[in-house]
Amino acid sequence: MKLEMGYINIHDIQFSNESKVENGVLYVDQDAVKKLVLEDENIKSVTLDIAHPGESVRITPVKDVIEPRVKVEGPGGIFPGVIAKVDTVGSGKTYALKGMAVVTAGKIVGFQEGIIDMSGPGADYTPFSKLHNLVMVCEPVEGLAQHDYERAVRFAGFKVAVYLGELARNLTPDETKVFETYGVKEGIEKFPNLPRVAYVHMLQSQGLLHDTYVYGVDAKRTLTTILNPTEVMDGAIVSGNCVSACDKNTTYHHLNNPVVHDLFEQHGKTLNYVCNIITNENVYLADKQRSSDWSAKLCRLLDLDGVIVSQEGFGNPDTDLIMNTKKIEAVGVKTTIITDEYAGQDGKSQSLADADPAADAVVTGGNANMVIHLPKMDKVIGMLDYVDVIAGGHEGSLKEDGTIEAELQVITGATNEMGFNKLSAR
Amino acid sequence: MAVSFVILTNNPLVRDRYAGQYSVEYQEGGYMDLLVRVRDKVHAGHKLLTHPLSGSVKPNETPYKSVMISQKRGTMDLGSLSVIEEAITACRKFPVRYEGLPQRVLEDFQLVDFTLIDSAIPSASAF
């Protein structure tokens, strides 16, 4: 499957009376965007704001981050099974607006979390401080249940991202890249001497605020299966995961999955990138057994030499991670896993809730328990009401002077388990 | 279909929603108290059916936890024991932060814990 990605660099966002992209500037017609969002009768109001890199701005509680894209050629559309029809995506031509994102925010439940600081020490921990962000704070109608509110905010983000992506349809990209993987036999013939490598991508799938959707299907109710890597670039996987800000995979992460990106960099040079294997992280232990059995079965069936396994979350997913790793190693396929750590504030405790000698190649995104201090920001987009009760925060986290003392896990994307972050031991 | 599981919980919402529908053993207490109760049941020969660290809300940030175990007892299941022991070890890393939370926040924690255990029901009822 072959996909051409066209990148359109955005270096500024401004409100205007017409939505358009011109000379790298995204102009946004607020009224048009609001009208689109308010089509959903569950949303009472939406406030739009723009946050630029380097500004003294704090965005919280962040629900999702989304990069606008548009399908220019080939079957299907962006976010298949969610916004577009369910046609298989990942081939043809897609354009992306780079350097910017749509950020959704709102207090769906009373312990909401997710901070993006656009400047200061907090900005160093999140990749989203480097983007121009169009932030949408959605307020629900009175009495709306949390499930419905979460869904409404999630869909509002996707709709606006698709609306903005559409503005790029007739533009000429600043940069173009082609990504291609091959059928099993074709790949072996093309790269007979290269190791066959796949990406085992674990998807959060536990319940309200803990879900991921594949072509619109709740990942909880899926069996381990195969995707062409380019399908994710068209939004085949979207996030409904709003908990654990530091290591949740936002939709932006799924669209720009760094494991996919780096495997493509090596594809045809040092390895043959065969496919993605997606699997879930259910709470029911027999589901874990079934899903990890299938991961190993598919790895063997595809005659892989090695896989990279990434997990999403802490605790329950650690068990899936280790089950996948043990079973895949047991069928003769080498594994490298990506995780983050909850090693205590002093970093001295065991990092994961499960372990096994077979997991002997591990990449970490950092210790989410590390305590950080965030200075006051001049402007807050969203609300600080619940900083004291968010994951990684505690009573007294939010100081009277507007500073925050909390664990790193409050920051969106800080210890991302796809490796989409900057923390390093160096 | 015979329902062959028991839900151990300290979450009043789980108790109330499942009343008359599923077998629920409710007992007040903290997150760690619930995990210790689960371990006692595993020692007594019940099998663990759901992961005790379900959910991304960290242990002791939420006070609520619901865990599904088998109704039947057999010899002690070492796999279950390993998972619950690891969960207890992991829980100790997290200081208790749920004391003094406003009622609305507590109710949201209850709801999320309910949806986590509820996500296991279709799987548990499948055979």
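Okay, let's start with one residue: A:K177 is partly exposed, with a relative accessible area of 25%. Keep in mind that this is a predicted model.

So who does A:K177 pair up with? Its side chain meets that of A:E265 in a salt bridge, 3.2 Å from N to O. Now look at where the two sit: A:K177 is in strand β13, A:E265 is in helix α6, and they're 88 residues apart. A:E265 is partly exposed too, at 32% relative accessible area.

Next pair: A:E67 and A:K98, with a salt bridge of 3.0 Å, N to O. A:E67 lies in the loop between β7 and β8, and A:K98 in strand β9, so this bridge ties together parts that are 31 residues apart in sequence. Are these two buried or exposed? Both are buried.

Then there's A:E39 with A:K159, where the closest N and O atoms are 3.7 Å apart. A:E39 is exposed, at 58%.

Those are examples; the total is 26 salt bridges over all chains. As for the charges themselves, chain A carries 39 positive and 59 negative side chains.

Okay, zooming out. Chain A has eight helices and 25 strands. Its radius of gyration is 21 Å, close to the 22 Å that the globule rule gives for 426 residues, so it's as compact as a globular protein of that length. And of those 426 residues, 62% count as buried.

Technical notes: Residues are numbered from 1 along each chain as its sequence is written. Chains are lettered from A and ligands numbered from 1 in the order in which they are written. This is a predicted model: local features need pLDDT of at least 70, side-chain atom pairs count only at pLDDT 80 or more; totals for chains, interfaces and linings use all residues. Side-chain values use heavy atoms; hydrogens and water are left out. Helices (H or I, at least four residues) and strands (E, at least two) are DSSP runs, numbered from the N terminus. The radius of gyration is taken over C-alpha atoms; the globule rule is 2.2 Å times the number of residues to the power 0.38. Buried means under 20% relative accessible area, exposed over 50%, partly exposed in between (1.4 Å probe, protein chains only). Lys and Arg count as positive and Asp and Glu as negative; His and the chain ends are not counted. The place of a charge is taken as NZ of Lys, CZ of Arg, CG of Asp or CD of Glu. A salt bridge is a side-chain nitrogen of Lys or Arg within 4 Å of a carboxyl oxygen of Asp or Glu.
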